[in-house]
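The following exercises ask you to read a protein model step by step. Try each task yourself before you turn to its solution.

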Amino acid sequence: SYLRLPPITLTTEESAERTDIMAQVSTYVSEMKLRFITGAESLDNFEQYVAEVEAMGLPDAIQLTQNALDRYLVK
């Protein structure tokens, strides 16, 4: 319980953008996690996997969350 995030609030636009990004990222991560575990995908391709997740917009989703946290901390 002590590891919970503070009650941050994204704007409607931020929330929609973050939801779109994370839906794609979550699906891809789930698929690739299974491929890495089963050996269907070589761990030699892990850097490519990370690059793909970043290209899907994960850094943008992180920034949107950071912006909301920054607003919360100013209060």
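**Exercise 1. How far apart are the mean positions of the positive and negative charges of the chain?**

Solution. Begin by deciding what is counted: Lys and Arg are positive, Asp and Glu are negative, and His and the chain ends are left out. Next, place each charge at NZ of Lys, CZ of Arg, CG of Asp or CD of Glu. The chain then has 6 positive and 12 negative charges, and their mean positions lie 12 Å apart.

Before going on, note that this is a predicted model, in which local features need pLDDT of at least 70 and side-chain atom pairs count only at pLDDT 80 or more, while totals for chains, interfaces and linings use all residues. Residues are numbered from 1 along each chain as its sequence is written, and side-chain values use heavy atoms, with hydrogens and water left out.

**Exercise 2. Determine the secondary structure of the chain, and explain why it is more spread out than a compact globule.**

Solution. Helices (H or I, at least four residues) and strands (E, at least two) are DSSP runs, numbered from the N terminus. By this rule the chain has 3 helices and 0 strands, in the order α-α-α from the N terminus on. The radius of gyration, taken over C-alpha atoms, is compared with the globule rule, 2.2 Å times the number of residues to the power 0.38. For 75 residues the rule gives 11 Å, whereas the chain has 15 Å, well over that value, so it is more spread out than a compact globule. The C-alpha trace spans about 50 × 30 × 15 Å along its principal axes.

**Exercise 3. Is Asp20 buried or exposed, and how far is its C-alpha atom from that of Ala61?**

Solution. Asp20 lies in helix 1 and counts as exposed because its relative accessibility is 52%. Although Asp20 and Ala61 are 41 residues apart along the chain, their C-alpha atoms are separated by 9.2 Å.

Methods
Buried < 20%, exposed > 50% of the residue type's maximum accessible area, 1.4 Å probe, protein only.
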